[in-house]
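Welcome, and please open your viewer. Below is a tour, stop by stop, of what to select and what you will find there.

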Amino acid sequence: MTARVIDGKAVAREVRAEVARGVEQLLAAGGTAPGLATVLVGDDPASEVYVRNKRRLSVEAGMVDQHRHLPGDVDQATAEALLDELAADPAVSGILLQLPTPKHLASDALVLRIPAEKDVDGLTTLNAGLLAQGRPGLRPCTPAGVMRLLDAYDVELAGAEAVVVGRSALVGKPMAQLLLGRNATVTTCHSRTRDVAEVCRRADVLVVAAGIPGLIGADAVRPGATVIDVGIHRGEDGLVGDVRYDEVAEVAGLLTPVPGGVGPMTIAMLLANTLTAAKAQQGLGD
Ligand code: NAP
């Protein structure tokens with residue numbers, strides 16, 4: 001194996017410690033503790049685990065847990081009314097609607113009820129637009145976490161060839177825009193890309209968020225490249241990513257494992273966004 005392994009758990013721990021210090025400073029400056037409202041609709045076991053971890057780690061960082069749970073058969077109007085209530089509540093700094101919501105709900109319409117300044121997932125149209133224009137705003141947590149990992153390992157981005165596999169609103173698109181904002185030359189691949197491996201081989205920095213287990217192998221990686229695997233899949237032998245770890249580790253220079261790579265960063269950046277939102281709302285922003 002040649003690749004250095006990127007330790008997402010350690011970097012996430014650092015980010016959470018920074019956030020905890022930021023919360024203490026906010027209180028010392030006369031502010032109030034940030035409140036994070038996670039909203040879970042229904043009882044999907046995977047979503048329950050994600051939400052439980054977000055709540056636990058927000059409390060560990062000194063935040064107030066403002067969690068709400070709606071039954072799986074809730075109607076659209078009731079769910080929207082809850083989000084409106086959270087939007088108006090000054091004790092709530094950030095609102096995170098756990099996705100996916102049950103199929104009968106229009107999740108896009110629900111996300112639109114979240115005011116941009118409380119949109120700690122960075123998914124509203126306004127925050128997406130601010131990112132597209134390169135202006136300050138709350139950034140989607142997973143791509144923001146990837147940027148933080150790249151910085152933690154001093155990966156050169158200006159002028160680098162970056163390839164992002166995937167173009168979802170949650171990961172791929174904001175990822176490409178964040179890399180572009182740091183002056184990388186960015187190419188995005190998607191399901192209609194003719195030869196994904198060929199495009200990926202150009203990359204100095206390759207971020208894979210396709211949602212297909214083992215899509216990317218050693219043939220798609222330039223020797224020495226930095227490879228970030230966003231994919232998470234629950235297989236028979238535990239969690240696996242979109243990258244075939246063992247073979248890519250022989251070629252890449254830096255590589256994230258699954259688990260323990262990008263995953264822990266997503267929650268850490270959610271906490272960072274919640275602190276940023278609270279400070280801005282309390283007029284104590286940077
Ligand atoms: P998604 O909405 O399903 O988007 C997948 C993207 O990959 C789409 O843009 C799709 O292209 C593209 N794609 C699909 N097959 C492809 C192929 N064969 N070659 C190239 N591109 C292909 O998924 P997502 O929400 O972005 O999530 C991606 C993965 O990251 C999933 O495994 C998810 O579980 C994981 N994830 C992890 C975290 C974390 O915290 N670590 C957070 C979020 C997501 P089209 O647009 O053409 O369909």
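Start by selecting threonine 38, which is buried, with a relative accessible area of 1%. Here, buried means under 20% relative accessible area, exposed means over 50%, and partly exposed is in between, using a 1.4 Å probe and protein chains only. Threonine 38 sits in strand 2, residues 35-41. Helices (H or I, at least four residues) and strands (E, at least two) are DSSP runs, numbered from the N terminus.

Before going further, a word on what you are looking at: this is a predicted model, in which local features need pLDDT of at least 70 and side-chain atom pairs count only at pLDDT 80 or more, while totals for chains, interfaces and linings use all residues. Residues are numbered from 1 along each chain as its sequence is written, and side-chain values use heavy atoms, with hydrogens and water left out.

Now show what surrounds threonine 38. Not counting residues up to four places away in sequence, threonine 38 touches Val51, Lys54, Arg55, Gln66, His67, Arg68 and Leu96; contact means heavy atoms within 4.5 Å. Which side chain makes a polar contact with the side chain of threonine 38? That of histidine 67, at 2.7 Å. A polar contact is a pair of N or O atoms within 3.5 Å; within protein, one must be able to donate a hydrogen and the other to accept it, and residues adjacent in sequence count only if both atoms are side-chain atoms.

Next, select leucine 97 in strand 5, residues 94-97. Leucine 97 is buried, with a relative accessible area of 5%. Leaving aside neighbours within four places in sequence, leucine 97 is in contact with Val39, Val41, Leu110, Val111, Ile114 and Asp121.

Proline 174 is one of the buried residues of helix 7 (residues 172-181), along with Gly172, Met175, Ala176, Leu178 and Leu179. The cover over these buried residues includes helix 5 (125-132), helix 6 (141-152), strand 6, strand 7 (185-189) and strand 8. Just after helix 7, look for asparagine 183, which takes a positive phi of about 70 degrees.

An open sheet of six strands has the order 1-12-9-8-6-7, with parallel pairing. Strand 1 (4-5) and strand 7 stand at the edges, each with a single partner strand, so one side of each is left without a neighbour in the sheet. Two strands pair if DSSP finds at least two bridges between them.

Zoom in on strand 8, residues 205-208. Are its faces covered or open? Both are covered: Val205 and Val207 on one side and Leu206 and Val208 on the other are all buried. Four bridges join strand 8 to the parallel strand 6 (residues 161-165). Alanine 162 has valine 205 as its bridge partner, and valine 164 stands opposite valine 207. Strand 8 also pairs in the parallel sense with strand 9 (residues 226-229), over four bridges; there, valine 205 is partnered by threonine 226.

Now select the ligand. Of the 22 residues around the ligand, Arg167, Ser168, Ser191, Val230 and Thr266 come nearest; a residue counts if one of its heavy atoms lies within 4 Å. A backbone N or O atom of histidine 190 lies 3.4 Å from a ligand nitrogen atom, and a backbone N or O atom of alanine 210 lies 3.4 Å from a ligand oxygen atom. A polar side-chain atom of threonine 266 lies 2.7 Å from an oxygen atom of the ligand. Helix 10 (residues 262-281) gives the most to the shell around the ligand, with three residues.

Last stop: from threonine 266, move to threonine 142, whose side chain joins that of threonine 266 through a polar contact of 3.0 Å. Threonine 142 is found in helix 6 and is buried, with a relative accessible area of 15%. Leaving aside neighbours within four places in sequence, threonine 142 is in contact with Val171, Val230, Val262 and Thr266.
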